[in-house]
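Dear colleague,

I am passing a structure on to you, together with some notes to read beside it. Please have it open while you go through them.

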Amino acid sequence: MSAAYEVVIGLEVHVELKTATKLFCGCANAFGQEPNTETCPVCLGMPGVLPVLNGEAVSLAARAALALHCEIHSYSKFDRKQYFYPDLPKAYQISQYDQPLAENGYVEIGFGEGKRKIGIERIHLEEDAGKLNHIGNRLGDATGSLVDLNRAGVPLIEIVSRPQMHSPEEARQYLTELKTILSYLDISDLRMEEGSMRCDANISLKPSDYTGSLFDLPRVEIKNVNSFRNVQRGIEYEIGRQKERLAQGLAIVRETRGFDDASGTTYSQRSKEEANDYRYFPEPDLPPLVLSEEWLAKQQHMMPELPDSLRAGLLQRGVAERDVQVLVQDPDLYRYWQQAVAEFSDVRQVTNWILSDYSRLMNAHSLSFAAPTVTAKALASLLRLIESGTLSGKMAKEVLEAMFESGETPQAVVKRLGLIQITDQDAIRDIVSSVVMANPAVVKDFLGGKDKALAFLVGQVMKQTKGQAKPDLVNDLLREVIATYA
Amino acid sequence: MSLTNKEVQHVARLARLAILPPEIAEATGTLGRVLDYINLLNELDTEHVLPTTHVVPLLTTWREDRVEPSLPPQVAVQNGPEVLSQMFVVPKILDGGAG
Ligand SMILES: [Zn+2]
């Protein structure tokens, strides 16, 4: 039996906000500190303390909401989500339940004709929990856990998509675009490996003849996957697992599953019915969050140019669509490109050099464009040396590598390596003549119509000039000299 | 409206309260009476009263994003029944996580 199913995927993304302090207390929001050095009575959950909202966190959350085309509510409130877990000192998390900060946005994925909107249901503000370090290798066989509350109370936004993705690939595209948009806002470190961006995926299979609500379909949630690649893998595995169960006539249990990186499989953690009763109620210690028109206008004013608009601008400047995608995906790379183009206006040349040779060097050394080893200015002056004919493209690649390693200017490298392209016609003509004289058979082939023969002669000249002759000049001179011999 | 024994057991489990079987019926009765009392509010005419989640008409107050000193870590963990490497020690967790 192979019934037809439509894959339905919804994603919940948690993003830690890059504020100086926590959401409800003045403790520093800093990653990688010694355990329990960033705590106070508020984030330790001591009795009798009162939370006070961090205005900057609201501002960063609002910027995310604007960038994701959400409607920001002028009135929202905080609620207590109650559950017991050792990383949650108050035994409740302050979150937003039925009146979140923002709703009804979207992220656009794909390009050109294939562009598609994935809806965003809501964005809300909440506090992060602490961190558990398990004694022993993994949760399963740990003998106990150590609780570090430095992260407890760090501001988070949760971005909940609508269940509108239909393949692991679409989920990956959504995450990539979401991350790109957020990275231009500069509101979070967005490091999945450090947990400043986390993703849970909800997956269900909808029978083709199903007409009920998506909400009623048995849904499996994969929790806290640590990379986009693994989100994709986890979803792929889960689709296969569910299809197999259905094919065997077994039911899909609504549950939470973990993802095991090594085997690429998911495993059951707990059934959802049991744990999902959070008994939310309004947080009595915090007044409602009321945002004025003026405040919202101010946030709007602080918005940077976003990827969509940047892409349109690049296309207009003649950058190829494929290159546009790569350039915009990384704000540091884009900024580098902008600086280089400001120095050297041949957009195509700049784009090619940055995306091919220079990116290859950077990737090979796992370096980021946040701290480029070759400045945009230095790259531009290298391109000027090609333009003026001082360097051939091939020589320039060699120079770029040397610049990358030593941090020298292109001029300094050229001087050190003696890499000046020979543009002196007379000097090259002598070499050309001697090559023509030494290879009468090849010259005859060329005259007989074999164009390839000329390439051989060019090669001989380049060899004698150690690659420093300008190739098109060699070409012209060869034809000229051969013509006089013929 | 009346509370059932099953609901009491459910809420007790969520709140990690160990209620003995003989206590369940008693809790169902007393808790049920509290809820019934609250239900008296339904008799009031609230048609012209705006829904509210807070009794104090206090609107948004927020603080500046400025770091204040945290507690020294040894003070932060001093109430922990067991502490190791400046962290609270908790027993083995059977459940797979929450939140
Ligand atoms: Zn604190």
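At 45% relative accessibility, B:Ile38 counts as partly exposed, a class that lies between buried (under 20% relative accessible area) and exposed (over 50%), with a 1.4 Å probe and protein chains only.

Before going further, please note that this is a predicted model, in which local features need pLDDT of at least 70 and side-chain atom pairs count only at pLDDT 80 or more, while totals for chains, interfaces and linings use all residues. Residues are numbered from 1 along each chain as its sequence is written, chains are lettered from A and ligands numbered from 1 in the order in which they are written, and side-chain values use heavy atoms, with hydrogens and water left out.

B:Ile38 also belongs to a nonpolar surface patch with B:Leu31, B:Val34, B:Leu41 and B:Leu44, and together these residues have about 460 Å² of accessible area. Patches consist of residues with over 30% relative accessible area and no salt bridge, nonpolar side chains (Val, Leu, Ile, Met, Phe, Trp, Tyr) being joined within 5 Å and like charges within 9 Å; the areas come from the Shrake-Rupley method with a 1.4 Å probe, and for residues only the protein chains shown count as cover. Chain B has three helices and three strands, which follow the pattern α-α-β-α-β-β along the sequence, and 20% of its 99 residues are buried.

In chain A, which atoms are the protein donors of the zinc ion? They are the SG atoms of A:Cys25, A:Cys27, A:Cys40 and A:Cys43, at 2.3 to 2.4 Å from the ion, where a donor is an N, O or S atom within 2.8 Å of the metal (3.2 Å for Na, K and Ca), and sites may look incomplete because water is not among the atoms. The angles that the four donor atoms subtend run from 100 to 117°, so the arrangement is tetrahedral, a label given to four donors if all angles lie between 85 and 135 degrees. A:Cys25 and A:Cys43 both lie in the loop between β1 (5-16) and β2 (53-54) of chain A, and the pair therefore ties together parts that are 18 residues apart in sequence. Both are buried, A:Cys25 at 5% relative accessibility and A:Cys43 at 7%.

Helix α2 (residues 168-185) of chain A has 14 of its 18 residues buried, so it is largely enclosed by the rest of the structure, and just after this helix A:Asp186 takes a positive phi of about 55°.

Finally, there are 31 salt bridges over all chains, each being a side-chain nitrogen of Lys or Arg within 4 Å of a carboxyl oxygen of Asp or Glu. One of them joins A:Lys18 and A:Asp189 (4.0 Å, N to O); A:Lys18 lies in the loop between β1 and β2 and A:Asp189 in the loop between α2 and β12 (197-207) of chain A, so this pair ties together parts that are 171 residues apart in sequence. Another joins A:Asp332 and A:Arg335 (3.2 Å, N to O), which are three residues apart in helix α8 (residues 331-343) of chain A and therefore separated by about one helical turn.

With best wishes

Terms used
Tetrahedral: all angles 85-135°; square planar, octahedral: opposite > 155°, others 65-115°. Helix = DSSP H or I, 4+ residues; strand = E, 2+ residues; numbered from the N terminus.
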